[in-house]
Amino acid sequence: MTNPNIAPPNIAPNAAPAFAIPDNVFAETVLDVQHYTDRLFRFRISRPASFRFRSGEFVMIGLPNADKPVFRAYSIASPSWDDEIEFFSIKVENGPLTEHLQRIKPGDTVLMRKKPTGTLVLDALTPGKRLYMLSTGTGVAPFASLVRDPETYEKFEDVIVVQTCRDIAELTYITELVANLMEDPLVGEMAAGRLRLHTTTTRQVFERMGRVTDLMRSGKLFADLGVPSMNPEVDRAMICGSMAMINETKSILEGFGLVEGANNAPASFVVERAFVG
Ligand SMILES: Cc1cc2nc3c(=O)[nH]c(=O)nc-3n(C[C@H](O)[C@H](O)[C@H](O)COP(=O)(O)OP(=O)(O)OC[C@H]3O[C@@H](n4cnc5c(N)ncnc54)[C@H](O)[C@@H]3O)c2cc1C
Ligand SMILES: NC(=O)c1ccc[n+]([C@@H]2O[C@H](COP(=O)([O-])OP(=O)(O)OC[C@H]3O[C@@H](n4cnc5c(N)ncnc54)[C@H](OP(=O)(O)O)[C@@H]3O)[C@@H](O)[C@H]2O)c1
């Protein structure tokens, strides 16, 4: 017999969906929420036992607040081995999803479509020595997944994550994540001395300033990291940012002789949009 005082699995009593959950989505419980700025937050949800994905992929998420909920693409920021799912999110004023999503709290329900996809996966790159993960803003989210996956260090000797944001506070998520990663029993030892984080700002004064694109073009990025300029023989790259950032970064990498790859045709770099618009 069902006890009326016990909520059904994954649906908190204070957030019981008023609308039917479509068949092709999971309804998961919010476990943790952390706000970084008035525009950025991170949240973790329960992971359905049958949900499998490759580190770096994205999935569509929504809220059970309408008969036909708004779904948006989100990079999964947690690694494929994690028993929870993490997302790093923007808060867009009047954004159809994020004006509500930014108010979620532990116990609430988030909808997640069952099929993950994406090109920012290790399988889409040919073997190399050094992997660059180049991002702006929330484009760092897929890289938060990949830097926590042991496979990244099995395939590459050196891993360099670059994130350019307007302000210092926007760099907090990845900065804290990398610092904590070094203490992680599973990945910490593999990442030590091989994972490097290079954060830069463009508006607020910081110790490292400039767009990732300008820093690559001038060579300052490589000089600051103490590595040679990009070489298609050994260097591989993943790009995630705005459309303008992607286009510029792509042409810079192509100038170095790197070639764009995909799941069905691995090559020396891959790209994914961090948002539409
Ligand atoms: C492949 C893919 C992966 C994505 N992964 C993430 C992710 O991990 N985290 C995340 O926050 N968003 C991600 N997005 C963007 C996300 O799908 C939504 O656009 C975002 O959540 C805002 O939804 P919204 O309905 O509130 O506003 P929308 O109507 O979707 O967007 C309104 C406007 O806000 C701006 N905007 C939207 N998203 C962003 C963003 N992330 N950063 C800066 N400006 C933005 C754009 O100018 C856009 O036109 C991804 C998009 C794509 C295509
Ligand atoms: N972040 C904020 O504080 C803020 C506040 C209000 C509204 N918005 C709006 O929200 C949207 C997204 O803002 P966002 O800051 O998340 O993302 P964004 O505008 O894409 O900027 C993120 C970072 O990427 C840099 N960048 C922009 N274009 C680039 C390019 N072609 N190549 C390399 N780097 C590039 C930016 O540098 P630059 O600083 O040099 O552009 C910034 O450091 C924008 O439409 C923006 O107008 C943002």
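Guide: The chain is divided into domain 1 (13–113) and domain 2 (122–273); the bounds come from an automatic or database domain assignment. This is a predicted model, in which local features need pLDDT of at least 70 and side-chain atom pairs count only at pLDDT 80 or more, while totals for chains, interfaces and linings use all residues. Residues are numbered from 1 along each chain as its sequence is written, and chains are lettered from A and ligands numbered from 1 in the order in which they are written.

Visitor: How many residues of domain 1 are in contact with domain 2?

Guide: Two residues are in contact if their C-beta atoms, placed from the backbone, lie within 7 Å. Here, 16 residues of domain 1 are in contact with 13 residues of domain 2. On the domain 1 side, β2 (40–46) and β5 are the elements that give two or more residues, and β5 gives the most, with three. The C-alpha centres of the two domains lie 25 Å apart.

Visitor: What is the strand order in the open sheet of six strands?

Guide: Strands (E, at least two residues) and helices (H or I, at least four) are DSSP runs, numbered from the N terminus. Two strands pair if DSSP finds at least two bridges between them. The open sheet of six strands has the order β4-β3-β6-β1-β2-β5, with antiparallel pairing. Its edge strands are β4 and β5, each of which pairs on one side only. Strands β2 and β5 are joined in the antiparallel sense over seven bridges; F43 has F87 in β5 as its bridge partner.

Visitor: Is the pairing in the open sheet of five strands parallel or antiparallel?

Guide: The pairing is parallel, and the strand order is β9-β8-β7-β10-β11. At the edges stand β9 (195–201) and β11, each pairing on one side only. From one strand to the next, the twist averages 10 degrees. Seven bridges join β7 (residues 130–136) to β8, and L131 stands opposite V159 in β8.

Visitor: Which strands does helix α4 touch?

Guide: To compare directions, axes are lines fitted to C-alpha atoms, for helices over the stretch in contact, and angles run from 0 to 180 degrees between N-to-C directions. Helix α4 (residues 172–181) packs on the sheet and touches β8 and β9, its direction making about 160 degrees with that of β9. Helix α8 also packs on the sheet, touching β7, β10 (235–241) and β11; its direction makes about 165 degrees with that of β10.

Visitor: Which residues come nearest to ligand 1?

Guide: A residue is near a molecule if its C-beta atom, placed from the backbone, lies within 6 Å of it. Of the 24 residues around ligand 1, the nearest are G95, L97, T98, F275 and G277. The shell draws at least three residues from each of domain 1 and domain 2. Strands β4 (72–75), β5 (84–90) and β11 (269–273) each supply at least two residues.

Visitor: Which classes make up the shell around ligand 1?

Guide: Ala, Val, Leu, Ile, Met, Phe, Trp, Tyr, Cys and Pro count as nonpolar, Asp, Glu, Lys and Arg as charged, and the others, Gly among them, as polar. The shell around ligand 1 has 14 nonpolar, seven polar and three charged residues.

Visitor: How many residues surround ligand 2?

Guide: There are 15, and T136, G137, T202, A244 and M245 are the closest. By class, this shell has four nonpolar, six polar and five charged residues. Helix α8 gives the most to the shell around ligand 2, with three residues.
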